[in-house]
Amino acid sequence: MKPTYYPTRAHLLLCTGPRCRARGADTVFRYLWDALEREGLAYYKTGGTLRLTESSCLGACCCGPILLAYPAGAWYHGVTVPAALEVARALHEGRDLPETNRFDE
Ligand code: FES
């Protein structure tokens with residue numbers, strides 16, 4: 001027996017370390033999952049392509065919540081649910097990623 005493989009276009013890591021949590025990361029994580037499910041973007045939904053995982057500290061504690069998206073290697077600070085969802089939608093659709101609050105460039 002082996003695990004089911006789900007094709008994945010992108011993986012979102014949202015920091016829920018203590019300093020990001022103090023800035024609302026838990027709420028962003030919960031509502032972002034809800035939105036990914038509702039919009040059919042989550043990897044286990046038909047046609048869905050995205051994974052979302054809680055991360056421990058990503059080393060950018062000043063400015064959380066921090067969101068990191070692979071394989072793009074795109075880093076975002078101060079993410080809100082709408083901002084994170086825009087990143088997710090762009091990844092799913094293969095569009096250019098939003099620039100607002102991106103800090104890896
Ligand atoms: S606690 Fe989130 S980057 Fe450090």
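First, the ground rules. The model is predicted: local features need pLDDT of at least 70, side-chain atom pairs count only at pLDDT 80 or more, and totals for chains, interfaces and linings use all residues. Residues are numbered from 1 along each chain as its sequence is written, and side-chain values use heavy atoms, with hydrogens and water left out.

Now the fold. We have three helices and four strands. Those are DSSP runs, numbered from the N terminus: helices are H or I with at least four residues, strands are E with at least two. The order along the sequence is β-α-α-β-β-β-α.

Next, the pairing. Two strands pair if DSSP finds at least two bridges between them. β1, residues 10-15, runs antiparallel to β3, residues 67-70, over four bridges. L13 has L68 in β3 as its bridge partner. β3 also pairs with β4, residues 74-76, antiparallel, through three bridges. There, L67 stands opposite Y76.

On to overall dimensions. The C-alpha trace spans about 40 × 30 × 25 Å along its principal axes.

How much of the protein is buried? The share is 39% of the 105 residues, where buried means under 20% relative accessible area with a 1.4 Å probe, protein chains only.

Last, contacts, meaning heavy atoms within 4.5 Å. Of those with a separation of 6 or more, 63% come from residues 24 or more positions apart.

Definitions and conventions
Buried < 20%, exposed > 50% of the residue type's maximum accessible area, 1.4 Å probe, protein only.
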